[in-house]
Amino acid sequence: MQKKKLAVVAVGGNALIKSRDEVALDQQYDAVAETARHVADLIAAGWRVVLTHGNGPQVGFILRRSELASAEVPTVPLEYAVGDTQGAIGFMFQNALGNELQRRGLAQTKVIALVTQTLIDRRDPAFAHPDKPIGAHMNQAIAKQLAAEQGWQIAEDAGRGWRRVVASPAPLGIVESPTIRALLEQDALIIACGGGGIPVVREEDGSLRAAQAVIDKDRASALLAIELQADMLLIPTGVEQVAIHFGTPEQRWLESLNLAEATQLLADGHFGAGSMGPKVEAMLSYLKSCPGGVGLITNPPSMGKAVLGQAGTRFLGH
């Protein structure tokens, strides 16, 4: 019997929040359930799936609650907040996907949420230049006060206020990759690398210690796809296709890009650093190591059509 192809599907944390007025956990679950239907389409089409997810807004909520309750209970360190979101968001996807697969008569595919650690280098230059915003927006006075009290580093965030910033080092390895590979052999759908994984450094004795940092979800997802030798990396986002000259009269949607074309467009600044840029960088990283693979960027409702070549932007390694 021919082995099923493997797709790594990297869902953004913002995909769980449809609007500023829909941030309650029940509302986030509704958004997860909608995405789960599209992921189940891949299972129905014969794919094996590892699903990864972002957690930026959710970590922000946890840290804000922690700040507000700091007079009553100990605050939550960043690595534990990432772990908390892996459990909570993992439960949402595990429950919603399990229910959707059962409705379709595909209950033989078991859904497993796995707390995942991502190995980083303690000497990564990102630690000298923290630039990843986390937590709530604040006015400058409060931000400076908290920075002095908590030892934070802070930065102004695109005119929306001040936020804590932390390092975002490059992921070097997914600690649980062998476990994920073994679960895939059991025909499981695995939810892993939530929020890019909990960043850890390896000590001289071989033990792992958590670090105060966050990992970019798309970079970690690309690394996981490489380590698993996945046939496809699919990144759902807010638009059906990638565009150049986005938001201008010259805007043009792109159906496909090869490695050289995508590299040149990225270098020319067509993909924003805070939006499409990291997704395209993740695609390039994946395809350089898996040249026979396929990369797809599209919106969740178009995932099924994109796999068939009928929607989305397709990235090829040649």
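**Close-up 1. The lining of the largest cavity in this predicted model.** Ten names make up the view: H53, Q86, G90, A113, L114, V115, I191, A192, C193 and G194 line the largest cavity. The space inside is about 40 Å³. Sorted by class, the lining has six nonpolar and four polar residues, and no charged ones. A search of the whole structure finds three cavities of 30 Å³ or more.

**Close-up 2. The second largest cavity.** Its volume is about 40 Å³. K4, I43, W47, R48, V49, T109, D187, A188 and L189 form the lining.

Close-up 3. Helices α2 (56–68) and α4 (140–150) each supply at least two residues of the lining. Of the elements, α2 gives the most, with five residues. By class, the lining of the second largest pocket splits into eight nonpolar, five polar and four charged residues.

**Close-up 4. Helix α1 packed with helix α3.** Two packed helices are described by the angle between their axes and the distance between the axes. Helix α1 spans residues 25–44, and helix α3 spans residues 78–103. They pack at an angle of about 50°, and their axes are 8 Å apart. That angle makes α1 oblique to α3. The crossing of the two helices is right-handed.

**Close-up 5. The contact residues of α1 and α3.** From α1 come L25, Q28, Y29, V32, A33, T35, A36, R37, V39, A40 and I43. From α3 come M92, F93, N95, A96, L97, N99, E100 and L101. Which classes make up this contact of α1 with α3? It has 13 nonpolar, four polar and two charged residues. R37 of α1 and E100 of α3 are among the contact residues. I43 of α1 takes part in this contact, and I43 also lines the second largest cavity.

Methods
Residues numbered from 1 in each chain as written. Predicted model: local features only at pLDDT ≥ 70, side-chain atom pairs only at ≥ 80, totals over all residues. Heavy atoms only, no water. Axes fitted to C-alpha atoms, helices over the stretch in contact; angles between N-to-C directions. Helix = DSSP H or I, 4+ residues; strand = E, 2+ residues; numbered from the N terminus. Parallel < 35°, antiparallel > 145°, perpendicular 65-115°, else oblique. Left-handed = near helix turned anticlockwise from the far one by under 90°. Contact = heavy atoms within 4.5 Å. Nonpolar A, V, L, I, M, F, W, Y, C, P; charged D, E, K, R; others polar. 1 Å grid on protein atoms, 1.4 Å probe; cavity = no way out; pocket = protein on both sides within 12 Å on 5 of 7 lines; lining within 4 Å. Points joined across faces, edges and corners; volume = space filled by probe spheres on them.
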